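The structure comes first, then my notes.

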Amino acid sequence: TRNRRLNVTCVTLLVSVHLFRWLRRQRSISCPPGPLPWPVIGNAAQLGNAPHLYFTRMVKKYGNVFQIKLGSRTVVVLNGESIKQALVKQGSEFSGRPDFTSFKYISNGNSLAFGTSTDWWKVHRKVAQSTVRMFSTGNPHTKKKFENHVLSEGKELLRLFLRKTKEDKYFQPMTYLVVSTANIMSAVCFGKRYSYEDEEFQQLVGRNDQFTQTVGAGSIVDVMPWLQYFPNPIKTIFDNFKQLNLEFSAFIRDKVMEHRKTIQSSTIRDMTDAFIVALDQISDKMGLSEKDYVTATVGDVFGASQDTLSTALQWIILLLVKYPEIQVRLQQEVDKVVDRSRLPSIEDQQQLPYIMAFIYEVMRYTSFAPLTIPHSTTTDTSIMGYTVPKNAVIFINQWSINHDPGIWSHPDTFDPERFLRQNGALNKDLTSNVLIFSLGKRRCIGEELSKLKLFLFTALIVHQCNITADPARPVMMGYNYGLTLKPHPFYLAVSLRDDMTLLEAATS
Ligand code: HEM
């Protein structure tokens with residue numbers, strides 16, 4: 001009997017070990033595959049200085065859905081067709097935001113863009129969406145007003161470019177493009193523009209790089225929060241990030257307070273007035289009045305728009321300079337359709353397919369928002385056969401779609417022509433494949449405004465001037481990674497094609 005008991009124990013042990021192994025295998029079959037993580041840092045060291053490219057390499061090995069470990073956090077990275085599945089077909093399940101440390105410092109933790117999805121976020125997003133539309137693409141009247149802001153600022157920018165060319169021959173346009181973009185949004189949000197010499201404004205909007213590096217997917221402090229507690233370079237970057245958010249919020253809060261003192265709800269002067277009226281009403285109704293959602297929302301719109309749009313302008317200008325023959329072709333189209341006797345306007349957009357093709361190709365080729373703001377799951381779920389637990393961090397690799405050889409021929413070649421049909425019309429089936437404003441419930445609320453702005457800016461620039469590179473410093477395609485990809489500094493010269501008569505007359 002002793003032997004029998006021993007046998008039973010051995011068999012039970014063996015069965016348990018097998019059962020345990022089998023269960024573990026089952027679990028790992030249903031978890032997304034991925035590279036082996038290191039202790040403590042996980043796969044953080046592998047991301048390198050272009051995480052979107054590392055992710056795209058991993059797709060070849062593991063497929064469109066894989067899992068990495070960043071510090072203590074497990075991150076599921078979605079690529080290719082899994083993106084539409086998650087963001088559109090399973091929209092609510094993937095619409096959260098992770099509880100990252102850095103997100104808590106943005107707009108005092110009341111941010112619409114960086115806060116997770118709640119009932120309040122839904123209402124808040126709707127109000128923000130309709131308010132943005134009311135001051136840009138809402139109707140022909142608001143469009144004209146927006147066009148006027150772009151033209152006025154275009155005139156100032158062009159004057160400055162001509163002065164800089166005269167003074168320095170070749171100059172770096174980056175800061176001026178940031179101030180110019182911020183000024184357009186400042187006109188929309190606060191009814192006010194700033195001079196290019198205004199140091200305070202330059203300081204305020206000139207720190208986008210620090211912001212986007214900290215909140216970009218793969219940022220270290222969010223996955224290794226212990227780095228905040230002793231002196232090290234990451235802590236210094238994070239302290240700067242906190243400081244710039246405080247200063248940015250203080251600037252916006254001052255503007256909101258000034259507006260509150262003089263507001264008359266019968267005449268809405270700008271976006272801040274509109275947000276005060278709409279959000280106060282809703283916060284009161286929902287019993288949320290102790291929080292300053294107006295400052296947070298105006299901050300979100302002002303912040304989200306100036307960083308992304310100025311980055312877009314930098315790439316547009318860089319590519320105009322890098323490909324002079326494309327610049328000439330754009331000029332020819334605009335000259336033919338608009339003529340030299342007036343400025344391009346919103347109404348010309350339909351007749352300028354090559355300009356639109358160029359803009360779509362800039363967005364596709366550079367994919368300057370390579371990953372979205374990180375998402376999180378709001379419930380236990382699964383994607384493409386893999387289980388994903390609630391509150392998992394989700395990275396969405398937009399770059400993987402924009403460079404998918406299954407969608408694009410020669411994806412690494414810059415070729416606006418790919419978006420034109422044989423008869424020269426814009427191929428809207430193809431333009432809708434470009435992914436840079438994300439999809440689904442978190443899709444960017446500034447998409448229409450952005451496309452309008454980029455169209456007007458590009459049409460105006462090619463209609464009015466020639467831009468050339470410094471032959472001594474050829475333009476490079478390198479960039480710094482963050483929420484947006486920022487091109488390395490480059491130099492250019494600007495000359496007028498005719499004179500300033502049209503611009504002076506249009507905006508006086
Ligand atoms: C070319 C310009 C722009 C690009 C490429 C861009 C791209 C994006 C991306 C990728 C997201 C994250 C979506 C996600 O997490 O899935 C986003 C969110 C957002 N964008 Fe934009 N954006 C641009 C311009 C603007 C402008 C002009 C505004 C404001 C008028 C704006 C306001 C927002 C807001 C408020 C969110 C947060 C939405 C939410 O979390 O529900 N963006 N944008």
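I started at Cys444, which is in contact with Phe437 and Ser438 once its neighbours within four places in sequence are left aside; contact here means C-beta atoms, placed from the backbone, within 7 Å. This is a predicted model, where local features need pLDDT of at least 70, side-chain atom pairs count only at pLDDT 80 or more, and totals for chains, interfaces and linings use all residues. Residues are numbered from 1 along each chain as its sequence is written.

I looked up where Cys444 sits: in the loop between α15 (428–431) and α16 (447–464). Helices (H or I, at least four residues) and strands (E, at least two) are DSSP runs, numbered from the N terminus.

Next I followed α16 to helix α13 (residues 353–366). Their axes come within 10 Å and cross at roughly 115 degrees, with axes fitted to C-alpha atoms over the stretch in contact and angles running from 0 to 180 degrees between N-to-C directions. I noted Ile355, Met356, Phe358 and Ile359 on the α13 side of the contact, and Leu454, Phe455, Thr458 and Ala459 on the α16 side.

Then I checked the largest nonpolar core, which has 118 residues. Such a core is a set of buried Ala, Val, Leu, Ile, Met, Phe, Trp, Tyr and Cys residues joined through C-beta atoms within 7 Å. Leu78, Val298, Ile316, Ile355 and Ile359 touch the most other members. Helix α11 (residues 293–322) gives the core its largest share, 17 residues. Beyond its neighbours within four places in sequence, Ile316 is in contact with Val362, Leu454 and Thr458.

Last, I traced the sheet. It is open, has four strands in the order β1-β2-β6-β3, and its pairing is mixed; two strands pair if DSSP finds at least two bridges between them. β1 and β3 (375–376) are the edge strands. β1 (residues 65–70) and β2 (residues 73–78) run antiparallel, joined by six bridges. Gly71, in the hairpin of β1 and β2, takes a positive phi near 55 degrees. β2 pairs with β6 (residues 393–396) in the parallel sense over four bridges, and there Leu78 stands opposite Ile396. β3 and β6 pair in the antiparallel sense over two bridges.

Note on methods
A residue is buried if 20 or more other C-beta atoms lie within 10 Å of its own, exposed if 12 or fewer, and partly exposed in between; C-beta atoms are placed from the backbone. Two residues are in contact if their C-beta atoms, placed from the backbone, lie within 7 Å.
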